[in-house]
Amino acid sequence: MRSQLVYLLIIIVTNCLPALAQQRSPDWLIHPTASKAQVIVSADGKNIELNNGLLRRSFRLQPNLVCYDYYNLSNGQQLIRAVKPEAKIVLAGKTYAIGGLHGQKEQAYLLPEWLDSFTANSQDFQYQSHEIQDLRPFLNWRAATWTGNPQQAKGKVLSLTFRHNAPELAGLMLKVHYALYDGIPLLCKWLSIDNQNAKRGYQLDKVLNEILAMPEEESAVVGKPEQMKKPQGIYIETNYAFNNAMRYNISDQTTHWKTDSSYTSQVNYYYETPCILEVYPDFAPGIELRVGEQFESIRTYELLLDSYDRERRGLMVRKMYRTVAPWTTQNPIFMHLVSKNDEQVRSIIDQCAETGYEGVILSFGSHCNMEDTSVANIQRWKTLTDYAHSKKILIGSYSLFSSRRISDEHDVINPLTGKPGGAFFGNAPCFGSEWGLAYLEKLKFFMSKTGFDIFENDGPYPGDRCASTTHPGHLGLEDSQWRQMALQKNLYRWCNENGIYVNAPDWYFLDGTHKIGLGYREVNFSLPRAQQKILNRQNIFDGTWEKTPSMGWGFVPLTVYQGGGPEAVLEPLSEHLNDYEQLMVQYYGAGIQACYRGPRLYDTEATKQTVIRVIDWYKRYRQILNADIIHLRRPDGRDWDGILHVDANLPEKGLLMLYNPLKVPIQRSIQVPLYYAGLEKTAVFKEKAGKAQKLKLNRNYEASLEVEIPAEGYIWFVIE
């Protein structure tokens with residue numbers, strides 16, 4: 001009975017906010033932990049352990065290396081129920097395991113004492129040695145804009161070397177790498193292969209860089225894998241994601257939950273419980289590993305989750321991005337210029353400098369052509385860039401890649417028809433064609449010669465496979481996705497390492513992009529402004545569960561966009577000043593940059609002063625407005641809605657934004673959750689940074705706030 005009560009208490013604490021402030025243990029999401037990443041070798045040399053105080057991953061080294069322990073130290077959850085190989089590779093159609101031990105009979109759980117009876121298989125790659133190093137950045141990031149987190153991640157890297165006994169494989173050296181991060185229950189795993197055989201190459205068909213036999217999330221006597229929940233204690237993300245989605249789980253190309261027929265004690269009658277995680281791209285690599293060539297797999301980030309609460313899980317994922325991709329915390333204030341001539345560019349640069357904006361992006365439909373690398377065009381845009389820089393304004397441009405047609409010679413070839421057509425966007429160029437390779441080099445040349453600071457790449461490579469055998473950038477269908485993906489990544493990494501900020505509507509964050517679309521339907525911007533305001537707030541609310549504010553852009557069409565009448569646009573700006581101001585406040589109040597698309601930022605002195613006032617407010621509270629969002633109430637047009645920014649490590653612990661869509665003022669009592677603000681007993685609320693009121697927090701770290709929100713308006717509070 002006592003053990004059952006203890007178990008129940010663990011479940012309650014794990015999945016709910018703590019109830020008693022006096023008993024609250026340190027939470028790494030609120031205050032940085034002092035524990036650092038370590039790699040610990042046991043005294044007898046039999047075991048090696050990764051440990052950062054939040055997760056532990058342990059390996060037995062002999063008779064072959066195997067992972068037998070993967071433990072979430074925050075909630076006591078064990079993620080390993082059975083041993084599996086460290087990785088697998090497929091060479092010319094034959095599958096080879098890397099590491100692993102054999103002999104486990106019961107697959108529902110694993111006892112460490114069983115390991116001594118397990119054996120190695122000579123057909124597997126065998127563990128040889130290991131190396132421990134400090135974590136070095138995957139990307140030599142250079143920031144030229146405001147940045148929330150300017151620090152690269154720290155930690156330790158464990159590299160495990162494997163070789164095979166077969167003579168035909170003697171030239172292959174494989175390494176499995178683990179990067180363990182300081183201060184977050186996160187590690188990154190990847191595989192490298194070095195062909196040291198001086199006589200032959202290898203056809204590398206597939207690489208599985210992670211295989212975990214995990215406890216099932218739920219048991220069902222009958223039911224197909226797609227009907228059952230997948231294990232929820234781990235979040236997986238790799239740097240191999242695309243498809244023009246605004247969420248990772250839709251962009252993901254590598255996470256596979258498999259069944260395990262060797263797990264004969266599972267409840268499911270047909271052994272179809274999804275309980276084996278395998279990470280690999282479906283259509284890659286498919287490459288030839290030539291003599292002397294080195295290959296590096298995708299990187300798999302594994303974040304251990306300690307709760308089912310949606311907000312907490314999202315906060316953990318957002319913390320991951322801030323840690324491993326700190327460039328995503330850059331968030332320059334920019335507008336989208338629709339230009340016809342150079343004078344309009346100079347004019348908007350002046351307006352940006354006068355109002356506090358920090359950058360100009362030449363929007364689609366403008367007169368900037370980055371593919372024109374003629375001397376005259378380069379000089380033209382260098383002159384404009386120099387002018388922008390003289391005003392301390394960033395400048396960049398839009399360029400379209402995938403959703404366009406070039407020619408039969410250069411477009412993606414459909415493997416079903418042998419002709420162009422059937423790509424993700426219908427027709428699209430192949431990045432490995434002569435045109436595609438030239439496109440990449442033209443963009444690099446243009447940006448390096450003009451000094452552009454921002455690159456907006458629409459329709460980036462979305463994963464199209466190309467059956468052409470004449471394109472110089474790939475051999476054929478099998479390697480076409482891997483090779484094109486590498487080219488796209490190369491461009492984004494080059495931009496990032498040269499201080500060029502990248503907007504791209506696809507999930508390339510882990511290879512250098514900074515911002516993606518928040519998530520919106522473009523035709524909605526032809527609706528009346530009153531509807532746009534509510535829809536925009538819905539987009540903000542929905543688009544920030546797993547993205548930080550700086551990772552998404554919104555949209556504010558100042559002129560006609562996707563149709564709509566006078567009631568849909570903001571121009572003339574001075575005639576719709578209240579709507580213009582609130583749209584700015586909604587986005588800046590969420591820490592999100594919107595594409596203010598049009599010819600100007602202001603048209604009268606009153607409009608100019610309004611823009612200056614909003615930008616000054618945003619800059620004053622920029623740090624907390626770029627902090628994490630706690631979702632309070634989703635906009636529905638029927639009552640108040642709002643969000644709360646929190647950061648326990650700032651002077652302002654929170655900033656509360658509340659909106660009233662109704663045509664009459666409303667008074668409400670709102671429970672403001674302040675657990676993630678780091679406050680325990682009291683909180684000071686300052687409406688519009690003015691008069692302060694001190695409120696007590698209840699046992700759930702909530703303050704009861706009485707508010708009055710003006711009709712079709714908003715209020716905000718600083719919380720200390």
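Two strands are taken to pair if DSSP finds at least two bridges between them. The model is predicted.

**Sheet**

Strands β1, β2, β3, β4 and β5 make up an open sheet, arranged in the order β1-β2-β3-β4-β5 with antiparallel pairing. Its edges are β1 (38-41) and β5 (77-78), each of which pairs on one side only. Within this sheet, β2 (residues 47-51) and β3 (residues 55-60) run antiparallel and are joined by five bridges. Opposite N51 stands R56, a residue of β3. In general, the strands of a sheet pair through backbone hydrogen bonds.

**A buried glutamate**

E302 belongs to strand β19, which spans residues 300-304. Because its relative accessibility is 0%, and buried means under 20%, E302 counts as buried. Its side chain forms a polar contact of 2.7 Å with the side chain of Y70. Beyond its neighbours within four places in sequence, E302 is in contact with residues including R57, P185, K189, E210 and Y235.

The accessibility of two residues is set out below.

| Residue | Relative accessibility | Class |
|---|---|---|
| E302 | 0% | buried |

Conventions
Residues are numbered from 1 along each chain as its sequence is written. This is a predicted model: local features need pLDDT of at least 70, side-chain atom pairs count only at pLDDT 80 or more; totals for chains, interfaces and linings use all residues. Side-chain values use heavy atoms; hydrogens and water are left out. Helices (H or I, at least four residues) and strands (E, at least two) are DSSP runs, numbered from the N terminus. Buried means under 20% relative accessible area, exposed over 50%, partly exposed in between (1.4 Å probe, protein chains only). A polar contact is a pair of N or O atoms within 3.5 Å; within protein, one must be able to donate a hydrogen and the other to accept it, and residues adjacent in sequence count only if both atoms are side-chain atoms. Contact means heavy atoms within 4.5 Å.
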